[in-house]
Amino acid sequence: RGTMKRKGFTLIEILLVTVLIALAGTIIGIRFFRNLDRTALRSAGHKLLHMTRYAQLLAGQHQQPTQLHCNLDEGTYWLTTLPSPSADPEIDSSETNEPQIVNNVYFKPEQLPDKLRFSRAQATDMQPVTSGEITIKFYPDGTAQAGLIQLSSRSKTFTVLIHPRTARAELKAASIDELPHDTLDLDNVGSSPSVT
């Protein structure tokens, strides 16, 4: 007679494997949702970045001061323009000076996705705010108010920076607390100084 062979698993072995599978699933789930948050945050940041670039374009090409508005409490943002003064004396000038909300095939008022929020914003000559509304102006001469707008999820913060001398905007995957300051590189010997 041979030795008895063991068949099957004990209850403790089954419980141990179940706990290990649950633990691995939890870790994978946490990483998945963090990546999902980061992807949604990056996408919202790019939308806001494109809106700032469109504001710069509207101000320069159409010679209309353009404003980017962000309502931090509601998570909404939109553009307004001031129409060029009318040459027709019969048109009431008070009508032409009313800001017009930009709502076209390219850009319309936007809402941040669920679970994302504006955590902080600031423009030239104002203190940082965490609630209320902020307005950043873009001018026809290609400049803008310096500005920063922070978007946050549960675990990550992205910042849109608006540079004043060039009205150029950039998206940073970090929390930045200082307004951008453009400087001229005087060591550059080219025909025109570069902006850094």
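Author: Gladly! Let us start with a pair of side chains: in this predicted model, those of Q67 and H69 are joined by a polar contact of 3.5 Å.

Reader: Where does Q67 sit, and is Q67 buried or exposed?

Author: Burial is read from relative accessibility, with under 20% as the cut-off. Q67 has 18%, so Q67 counts as buried. Its place is in strand 1, which spans residues 66-71.

Reader: Let me try S119. Which side chain does the side chain of S119 make a polar contact with?

Author: That of S152, at 2.8 Å. S119 belongs to strand 5, residues 117-123, and counts as buried because its relative accessibility is 14%. Beyond four places in sequence, S119 also touches V129, T130, Q150, L151 and T157.

Reader: And the nonpolar core: which residues touch the most other members in the largest one?

Author: A core is read as a set of buried nonpolar residues joined through their side chains. Here the largest has 33 residues, and L48, L68, C70, L79, F118 and F138 touch the most other members. Several elements each supply at least two residues, among them strand 1, strand 5 and helix 1 (11-61). Helix 1 gives the largest share, nine residues.

Reader: What is C70 in contact with, its neighbours within four places in sequence aside?

Author: Look for T76, Y77, F118, G132, E133, I134 and I149.

Key
Residues are numbered from 1 along each chain as its sequence is written. This is a predicted model: local features need pLDDT of at least 70, side-chain atom pairs count only at pLDDT 80 or more; totals for chains, interfaces and linings use all residues. Side-chain values use heavy atoms; hydrogens and water are left out. Helices (H or I, at least four residues) and strands (E, at least two) are DSSP runs, numbered from the N terminus. Buried means under 20% relative accessible area, exposed over 50%, partly exposed in between (1.4 Å probe, protein chains only). A polar contact is a pair of N or O atoms within 3.5 Å; within protein, one must be able to donate a hydrogen and the other to accept it, and residues adjacent in sequence count only if both atoms are side-chain atoms. Contact means heavy atoms within 4.5 Å. A nonpolar core is a set of buried Ala, Val, Leu, Ile, Met, Phe, Trp, Tyr and Cys residues joined through side-chain atoms within 4.5 Å.
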